[in-house]
Amino acid sequence: MQVRAWTKSAQKCPPSTFYTGLRKNPHKARIPCDSNGRFLPPHTPPPPRAPSEGVSPNPWRPFGSRLEFDFAHYHFVELQSSGRNIDKALDMWAASVMEFGGNVPWKNSADLYRTIDAIQHGDAPWKVYQVHYQGPFPPGTPPKWMTESYELCMRDARQVLHHQLSTQEFSGNIDYAPYKHQDADGQRVWSNLMSADWAWKQADAIAKDRATHGAMFVPIIAGSDKTTVSVATGNQEYHPVYMSPGNLSNIARRAHTNAFLPIAFLPIPKTSKKNRKAATYQTFCRQMYHASLSIIFEPLKPGMSAPEVIKCPDGHFRRAIYGLGPYIADYPEQVWLAAIVQGWCPKCDAPPHDLDCKGSHRRSERKTDFLIGAWDPGTLWTTFGVRADVVPFTHSFPRADIHELLSPDLLHQVIKGTFKDHLVTWVNEYLLEEHREARGLDIIADIDRRISAVPPFPGLRRFPDGRDFKQWTGDDSKALMKVYLGAIAGHVPDAMVKSLVAFLDFCYIARRNAITSEGLKQLEHALDRFHVYREVFVGTAGHSLKHYVRSIRLFGSPNGLCSSITESKHIKAVKEPWRRSNRFQALAQMLQTNCRMDKLAAAHQVLTALGMMDGTTSPRVGAMAAEDNMDDDDHGPAPGPKSLSSVELAHTPARGYPRTLRSLAIHIDQPELPAALRRFLYDQVNPDSDISPADVDINDCPDFTGRIVVFQSAVARFYAPSDLCGAGGMYHERIRSHQNWKGKYPRYDTMFIKTGPDSDPMYGMTIGRALLFFSFTFRDKHFPCVLVNWYVPGNAPDENTGMWVVQPEFAGNGRRPLSVVHLDCVARAAHLLPVYGTSFIPEDFQFYDSLDAFRAYFVNNVIDHHTHEFLS
C-alpha cells in the first residue's frame, strides 16, 4: 500500500521540550546596580554606552574604515596569512589604487600588526613568571632540573573574566542567578551549570554572609589539558589553562566564541629518564603545578570574599562574588589535580583492583585532611590512594573542594575510554577467541567492510578501511560510534549488541543539553543494563560512569563541561598559533598571536553590536559570492535564535535540467513522475478528501503543463542544542539529491517525512529517499516539493538494537512507487544502516550502492543527538 504524506497538518520533528516552572534563587542576585555598587530601582535601563566602548567619532578606530578592518580580520583571523603573504596582498592593493591617486593604510605586515595591537577591546596582555626549585640540594652536583628556571605564562584572570562577562553577544545566553527548572510535566530539568544544585547551594552560602548578601554568584569553570603540537620536531608540548564564566549557557560555551579562553600556559619540566622516576622530581613537578594554578587564579581571590562590580552582557552593572567552579580535565590531569595515586578514582576511594566494589565512599577535602593527619605517607599511598606530598591548589580558595569540582569527562571517560579502549577491543578479542584466528580475522575484516559501506550523511566521516586506522582521535571515536552497532549486529551474540546499545543510550542521554528527572532514571537504567550485558565480555570498565548521576545533579548537563571543549580550543589557542610561528622560542610568538586574535574578535563583537558588520565589504559583489558558497555548506551551526524547524530548497537552481514535466521525467529516468505530480495536486486541491490520491483515477487529477525548476539539495534547520549548534541552539544540515555527486556517483539522501499521527509506528514518520528536489507554481501558488520513494517501518523497534527497521516499498509490478511530497512534510535528514545479517558483503562493494542493495535497514538513532532524543 502506497504511503501518503501527512499533508493536512504537516508537523516538523518533535520539538525539544519547552521548559516552564522556572524558580530563581530568592536572593538579590539579579538586581542591577550602578558602577559604584548601589542597587537600582526595578526596570532601570542600562547606562548608555561609553565612547571608549565603540560610540566615537570613528567607531572603526584604530582602523580607518570597514574595508581596513575586514582586510585585517580576513588575513589575520580567517586566512591566517603569513607576513610575506600580507605584504604581497598590500602590494597588490596599492597597485590597484595607485593609478587613481589612492593609498593603502599600511606599508607592510608589521605596520598592520601595530594597528591590531592598538585595538583597545579585549586587551589582556600576557606576562611571564620564572619558577625555580627551592628545596634542598643533594650532595655533589645536583640534577639539572633543580637548577633550571621554568616559565609560567599567564594573563590576569580577573581582566579576562571581565571581558567575557561584558560581551554583548552573550546577552540571552547568561543566567544572573541560580535557578531550578521544571518542564510542563513537573519534572526537574538539569541543563546549564546555574540550573543545578551546586550553584544553588553556593548562592545560599554567599547570601548567609552579610558582606556578600545580594551579590551575583559567578562560578569560574576552568580546564587544562597537555597537548603535543609536533612529534617530528622533538615532541613539543604545551599545557594551556582555560577559563569560562559558569553563568554562560552550555551552548555559548561550546560555540566558537570567547566564552572559553586561554589564561595561562603551565611550565613543563623535563629531565632524563634516570631522574624522571625520582620521588623528589615527581613531587616538585606536582607542587609546581598546583603553585602555578594558585598564582593563575589569585587575581580572583579578593572577589571571592568581597563583592566586585562587573559589567554584564545586558549593559547593566552588578555586584558579583566569584568562586572556583567545575574543573574540566581528563583522567591523568584529574590524578594531578586531586593529588591521588595513579589508578585510583579521584571521586571515591574504590581501590584500583576492585573499582566496582560496594561500600566505597566519596572523597572530600575534609576527609583527606583527616587521613593525612592520622596516617603515615606509606599507608596513605597504598590504602587510600592519597599523596601526602602535594596540597591541591583549591585548598587556598574559599568554598572549593577539588574532589567535588572535578567534572565528568564525556570524551575520555565515555567516548574514548569505554567505547574505544574497551568495547571495540572486547568485540575483536571475543571474535578471535570464539572463532579462532583465521575465521575471527575474516569476520573483523567484514565488520570493517560494513563500516565502510554505510550510506553518506551530512557531516558523517567515511571510514574507507573500517575502524582500521593507527591513531584514534576523539572525532574518530564519535564518528565510529554512529555506525559500529549496525556493523557488528549478526556477527556477535545478542548480549554484546545489547551491551553496546545500553552504552550508546547512556552516552547520548548524558550528552543531552538538558536532562530531566526521567532522563536521569533512563541514564541509571542504561548503566544498569550495561553492567548486566557487559558480563558477556571479559573484564570490567566504566567505573567513572557511576558518578555521572550525582555530577549531573550538581553541575547540570556534562555536555557543557566536557574536555572536548578544551581539545577544540587547542586548535585556535595552541596548534594554529604554533604553525604560524617560526618554531624558535615559539611560545612568545604564540601568545602574541593569541592576544591579537582576541583583540580582533572583541572588536568584531563590538562592531557587530553597533550594526556596523551587517552585509559584506562590498554588498553587491559580496552577496553574489555568498549565494555561490551557500549551497556548499553541508552541515553545522545555524545563526539566529531558537525557532521552529524548517526545510527550504537550495538557494541556487540546478543547471542542465529540462523545465517541462514530461521531458524532466525522461531526463531523470522516472516515467511515473507526471502521474505522481498529478496525484499530489489532487491532494492539494482536495485537502479534506478521505480518498487516498493513489486510489483516484489519474484522469480525475489536475494536469500540469507549467515550468519546473530543479534543485540539487534542500536545507533543514531545527533546534538541536545537544549538537554542535549556533548560539541560539539552531543547527542546519543539507539533504542532497544529485545525479553525479562530485563527478563520481549518484547521491540520493534519505529523510524523515511526517505521514501520520504520533501514535503511528516511528511516531508517524516514514523514511523517504530524495530522488528530485523541485518547485513549480500552480494556480498562483508556489510549491516546493521532493520526489521520493519509500522505506516503510515495522510496528516496533528491533528488540536487540533498539532501532526501527524499515523496508523498501514495492508495488505489485516490482517497481518502487513514487510520491511527490511538499517540503512542509519533511522533518530532516535520516540515516539508514543496512541490516547485514550474518552474511559477508563483497570486498568490492561500494557504499553508494547501499540504499539499493539490501532488503531492510536500521534507522540510525545515534547519527546525532537530535535523532536519538526524538526516536527515544
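**Notebook: salt bridges and overall fold**

I began with Arg 717, which at 30% relative accessibility counts as partly exposed, the class between buried (under 20% relative accessible area) and exposed (over 50%), with a 1.4 Å probe and protein chains only. I note that this is a predicted model, in which local features need pLDDT of at least 70 and side-chain atom pairs count only at pLDDT 80 or more, while totals for chains, interfaces and linings use all residues. Residues are numbered from 1 along each chain as its sequence is written, and side-chain values use heavy atoms, with hydrogens and water left out.

**Entry 1, Arg 717 and its partner.** I found Arg 717 in a salt bridge with Glu 648, with 3.5 Å between the closest N and O atoms; the term asks for a side-chain nitrogen of Lys or Arg within 4 Å of a carboxyl oxygen of Asp or Glu. Arg 717 lies in strand S17 (residues 713-719) and Glu 648 in strand S15 (residues 646-649), so the pair ties together parts 69 residues apart in sequence; strands are DSSP runs (E, at least two residues) and helices are runs of H or I of at least four, numbered from the N terminus. Glu 648 is likewise partly exposed, at 44%.

Which residue meets Arg 155 in a salt bridge? I found Asp 598, at 2.8 Å from N to O. Asp 598 belongs to helix H20 (residues 586-609) and Arg 155 to strand S3 (residues 149-155), so this bridge joins parts 443 residues apart in sequence. Both side chains belong to buried residues, Asp 598 with a relative accessible area of 16% and Arg 155 with 2%.

I looked up Asp 758 and Lys 754, whose closest N and O atoms are 2.5 Å apart in a salt bridge; Asp 758 is partly exposed at 44%, whereas Lys 754 is buried at 2%. A network of salt bridges links Asp 446, Arg 449 and Arg 450, and the search of the whole structure gives 26 salt bridges.

I recorded 25 helices and 27 strands. The radius of gyration, taken over C-alpha atoms, is 30 Å, close to the 29 Å of the globule rule for 872 residues, so the protein is as compact as a globular protein of that length; the rule is 2.2 Å times the number of residues to the power 0.38. Buried residues make up 54% of the 872.
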